[in-house]
Amino acid sequence: MKRYLFIPLCCVAASFLASCSKNNAVKPADIPPAPPVVVIDSGWTFETTPSFADEFNYSGTPDTTKWGYDLGGGGWGNQELEDYTNSIKNAYVSNGVLHISAINQALNNEIYTSARMVSKNNGWLRYGRIEAYAKLPASPKGSWPAIWMLPNDYVYGNWPNSGEVDIMEQVSFDPLNVHFSVHNQVNNGGNSHTETTAIPTDTSAFHKYRVDWTPYAIRGYYDDVEIFTFVNPATGPNQWPFDQKFHLLMNVAIGGSWGGSNGVATNVCPATMQVDYVRFYKMIHK
């Protein structure tokens, strides 16, 4: 919003002409830019009681008070081959575990269906800790499971300007490596900030995938071992759009620019990611 300067009538008097002269005004070009705000690591901690959680200790459809769905196909900007649904065939809870399953099912011009679940209601944070305890699909090449975060409101513009945090991504043609990434306006897609970690049992056992997010840094942990750090560079939202509300997504894609880059096996499905729990903890502000 522009601010306008209203000059009082007294400035008409000759004794005030000099002080009201434009020659003495500060020109915009003379005003130095505001220095970047450098954030100091204050050692923030997190609440011990989750603000949002699903232990999946029930059976059937995922809790609709906690989870919604992104629906449809069309590639999702990644040349993916599935149509996302809210069908219990693609997302269901049994034996205390959520199953997100891509299956062979033709729908709306796609040859696979899957689910892309989205946390809703109080399932968001602006700084905090998110944990998911998951086992990844043991499928032939072509599947692409992910546990990740997107902004609630795209305050800084469309992707990637408003940011993305990938707590866990895996592609089944390289099944034993798991990836943590952040995307922003400067670094995104194949140029994102990424750390790759080997987890030899990621498809045969559950592992904890975690992010700790504070004003100072985004830190990634696998089984509580820190494997990724991105420090706020204090350059503004072009690299740090991570000062807004973010929510969680969990999905299994088939094919795509990365997941299908080595081809898609005819028997890629069913490709199922299992999640034992999801927990959000708010950061304690100092």
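I looked up the second largest pocket, which has a volume of about 170 Å³ in this predicted model. On a 1 Å grid over the protein atoms alone, a pocket is an open set of points where a 1.4 Å probe fits, with protein on both sides within 12 Å along at least five of seven lines. The volume is the space filled by probe spheres set on the points. I found 12 lining residues (an atom within 4 Å of a point). Val37, Val39, Asn232, Ala234 and Trp240 lie nearest the centre. The lining has 8 nonpolar, 3 polar and 1 charged residues. Here Ala, Val, Leu, Ile, Met, Phe, Trp, Tyr, Cys and Pro count as nonpolar, Asp, Glu, Lys and Arg as charged, and the others, Gly among them, as polar.

A note on the source: residues are numbered from 1 along each chain as its sequence is written. Local features need pLDDT of at least 70, side-chain atom pairs count only at pLDDT 80 or more, totals for chains, interfaces and linings use all residues, and side-chain values use heavy atoms, without hydrogens and water.

Next I turned to the largest pocket, with a volume of about 470 Å³. Its lining has 19 residues, and Asn78, Trp144, Trp148, Trp159 and Glu164 lie nearest its centre. Strand S10 (143–151), strand S11 (164–169) and strand S17 (246–254) each give two or more residues to this lining. Strands are DSSP runs of E, at least two residues, numbered from the N terminus. S10 gives the largest share, 4 residues.

Which residues touch the most other members of the largest nonpolar core? I noted Phe180, Tyr209, Ile218, Leu248, Met250 and Val278, out of 52 residues. Such a core is a set of buried Ala, Val, Leu, Ile, Met, Phe, Trp, Tyr and Cys residues joined through side-chain atoms within 4.5 Å. Buried means under 20% relative accessible area, exposed over 50%, partly exposed in between (1.4 Å probe, protein chains only). Strand S18 (residues 271–282) gives the most to this core, with 6 residues. A second, separate core of 5 residues includes Val118, Ala146, Trp148 and Leu249.

Then I checked the backbone. Most residues other than glycine have a negative phi, and most peptide bonds are trans. A cis peptide bond joins Trp159 and Pro160, with omega about 5°. Pro160 is in the loop between S10 and S11. Another cis bond joins Cys269 and Pro270. Asn109 has a positive phi of about 75°. Is Asn109 buried or exposed? I found Asn109 exposed, at 82% relative accessible area.
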